[in-house]
Structure formats: structure tokens, C-alpha cells
Amino acid sequence: MTNSSALSSARTQTLIGRLGEIRTDWQLDEIRALFALPFADLIYHAQRVHRANFDPNEVQVSTLLSIKTGACPEDCAYCSQSIRFETGLKSEPLMDMEDVLEKARVAKANGATRFCMGAAYRSPKPKQLAQIVEMVKGVRAMGMETCVTLGMVNSEQARQLKDAGLDYYNHNLDTSESYYKEIITTRTYQDRLDTLQAVREAGINVCCGGILGMGETQLDRAQLLHTLATLPQHPESVPINQLMQVEGTPLHGATKVEPFDFVRAIAVARLLMPRAHVRLSAGRSDMSDETQALCFLAGANSIFYGDKLLTTENPDENHDRDLFERLGIRGEVLRTEASCRRAENAEAATA
Ligand code: SF4
């Protein structure tokens with residue numbers, strides 16, 4: 001899929017002319033046409049839309065901590081934490097509050113503005129959720145944004161997290177609805193959409209994306225992005241992961257995603273959801289610096305920082321610092337509602 005578009009040239013022109021609009025009525029053939037644009041055109045439009053919404057030299061930095069590791073009853077075919085696969089991973093119970101807060105302090109000192117906590121649950125039990133609620137409160141009190149990923153949650157659980165001050169809930173769709181059954185059988189695509197709805201209705205920001213390199217087609221990638229971009233409201237954060245292959249999981253040995261195809265997916269995500277933070281997420285340790293730079297050029301503006309991503313590798317902090325320096329990238333400063341209001345007031349006062 002490189003240079004042929006299924007759209008008429010008139011529709012292609014209209015599509016290009018509307019890029020930058022916030023739309024939730026994207027058509028699948030439009031998305032396929034974006035994927036099919038010549039690479040330079042696609043990157044140009046993605047960068048144009050990116051600059052209209054963000055400082056192109058700023059990247060938001062999050063740190064991810066596994067607060068409960070392994071022994072997960074789900075069967076996600078890519079995951080080292082599923083109890084169903086022999087991956088040699090050592091399971092660990094829910095961490096103590098103080099240990100979590102200490103990790104958050106270190107992350108903050110290293111420049112992270114958001115602290116993400118992941119627990120390998122199908123869905124948290126009431127006692128577990130109560131403990132996590134306290135962790136959210138504690139991290140928030142340090143002045144960091146908080147994010148958790150805990151599996152499925154219902155409206156009541158989402159409300160408890162919102163009341164604790166949770167900023168983001170991560171729950172990925174992983175892939176297209178049609179390919180999904182090849183990847184997970186223990187929960188449905190609709191279960192995932194229901195969790196996203198519960199989170200959204202509770203007033204928590206949504207972090208939702210997918211994984212590339214699981215044997216899916218370009219059409220599956222277009223369908224995944226179509227589902228994300230036609231949710232009633234775009235996710236605020238869209239992680240695009242490249243599969244980290246783990247020995248012992250069914251997807252170990254899957255065909256790797258071609259770097260340009262990965263960059264294309266980032267660019268199309270940027271065009272479909274202009275105001276979302278598009279996160280260059282898992283898989284960076286397998287990418288060259290040049291591929292990462294292309295991803296930033298295509299509109300990626302968020303990364304995970306720290307040498308571990310839950311249970312898989314991530315580039316080490318020094319390498320990331322060096323890459324940012326070489327590209328002239330700054331970590332995005334956390335703009336709290338209060339600081340935005342202060343900036344707006346200052347602007348109004350000097351106008
Ligand atoms: S991805 Fe999450 S839900 Fe799936 S097996 Fe891993 S920890 Fe469990």
C-alpha cells in the first residue's frame with residue numbers, strides 16, 4: 001500500500017483540504033487513502049497538522065511502573081504476564097504504597113510529568129482498587145499526572161478512580177475488531193469499548209491505542225485507527241506500540257512491522273486525532289534513532305521514559321536524553337488547568 005488510493009481525485013482533494021479538522025466521522029476508505037499517500041506527502045501533512053496543535057519540539061514524558069506483575073488470567077497472545085504462557089516471568093503481588101511513591105519521586109526528578117501504574121488484572125477486586133486509589137492520591141499529591149491500567153473497569157470503579165483524582169485510564173484496543181479474536185479470546189472487543197465508555201463517562205481522560213507487528217494487515221491498522229478516531233470523543237492519548245516479542249508467547253516470531261509502515265501509522269493517527277498526544281510507546285528499544293526521529297516528525301509527541309516498560313525493555317534514560325539533545329527536543333512541561341488559566345489571564349492582561 002504505497003501510492004494507490006481507492007478515493008476519486010476529487011474526494012482525495014476534499015480529504016486533504018479537511019485535514020486538521022477535529023472529526024469523528026472518518027470513513028475507512030479515507031483512512032486507507034491517507035495510508036496510501038506518498039510518504040513525503042503523508043509526513044508533510046502530519047507535520048503541518050501537528051504544528052497547528054503542538055510545539056513540534058516538545059515531547060511529553062511518562063514513566064510506567066508495573067505495580068502488580070504477572071499471573072494474569074487473560075490470554076493476550078503478546079503478553080509475558082499471562083498465566084497461560086511459559087515466559088519465565090516472576091509474578092509479584094501488588095506493591096506497597098511507599099515503594100510506589102518512591103518510584104514516582106524518582107520519575108519526577110528525572111523529568112516525567114505523568115506517572116503510569118500498570119497492574120496485570122482482568123479487572124481489579126474491591127480491596128485492590130482501594131489500595132490503588134490511595135496510590136493515585138499519593139502520586140497526585142506530588143504534582144504529577146496519574147494514569148493507571150488495571151484491565152476492565154465498570155462505571156462504579158471508574159467513578160472511584162475519578163474521585164481519587166485519576167487523570168488518565170489506559171485501556172488499549174490492541175488491533176482491529178476483525179483481527180482481535182486471533183489475539184485475545186478471554187475478553188471481547190465490546191468489553192474493551194465498554195471500559196472505555198465507563199472511563200469517559202466518569203470524566204477521566206482516555207489513553208487508548210494498539211500494537212503493530214502482531215501479524216495484522218494494513219487494513220487492520222486502518223480499521224484500528226478508524227475505531228479510535230470515530231469514538232464519540234478522541235482519546236486524549238494514543239499509544240502506538242510495536243510488538244516486543246517475548247519468548248514463550250504465541251506471537252514470538254511474528255513478522256516484524258516494517259519501519260516505514262510504523263511511521264505511516266503514527267502519521268495517520270496524528271491526522272485523524274489532531275489534538276491527541278500520540279505516544280511512541282513499546283518497541284522503541286528495537287528501533288533505530290532515525291526511525292524514532294521520523295516518528296517525531298510524523299507527529300508522535302509522547303514517550304515512556306525509563307529502562308523498563310512493565311516487563312519488557314525500553315531504551316535507557318541516558319540514550320533518550322542524548323537523542324532528545326541531538327534532535328533539539330524538550331520534555332513537555334506539565335500544564336495544569338491552574339497554570340493554563342494563569343497564562344490565559346496574563347495574556348488577557350497584556351492584550
Ligand atoms: S495484556 Fe494485560 S490483560 Fe492481557 S495478559 Fe497481559 S496483563 Fe493480562
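**A helix pair and its surroundings**

Author: Helices α4 and α5 cross in a right-handed sense (the near helix is turned clockwise from the far one by less than a right angle). The model is predicted, so local features need pLDDT of at least 70 and side-chain atom pairs count only at pLDDT 80 or more, while totals for chains, interfaces and linings use all residues. Residues are numbered from 1 along each chain as its sequence is written.

Helix α4 covers residues 97-109 and helix α5 residues 126-141 (helices are DSSP runs of H or I with at least four residues, strands are runs of E with at least two, and both are numbered from the N terminus). The two helices pack at an angle of about 30°, and their axes are 10 Å apart (axes are lines fitted to C-alpha atoms over the stretch in contact, and angles run from 0 to 180 degrees between N-to-C directions). On the α4 side, the contact is made by M97, V100, L101 and A104, which meet E134, M135, G138 and V139 of α5 (contact puts C-beta atoms, placed from the backbone, within 7 Å). Six of these residues are nonpolar, one is polar and one is charged (Ala, Val, Leu, Ile, Met, Phe, Trp, Tyr, Cys and Pro are nonpolar, Asp, Glu, Lys and Arg charged, and the others, Gly among them, polar).

Next come two strands. Strand β2, residues 114-119, runs parallel to β3, and five bridges join them (pairing takes at least two DSSP bridges).

Helix α6, residues 155-163, packs against helix α8, residues 189-202, at about 40°, with axes 8 Å apart. S155, A158, R159 and K162 of α6 touch A198, V199, E201 and A202 of α8. In this contact, four residues are nonpolar, one is polar and three are charged.

Conventions. Two residues are in contact if their C-beta atoms, placed from the backbone, lie within 7 Å.
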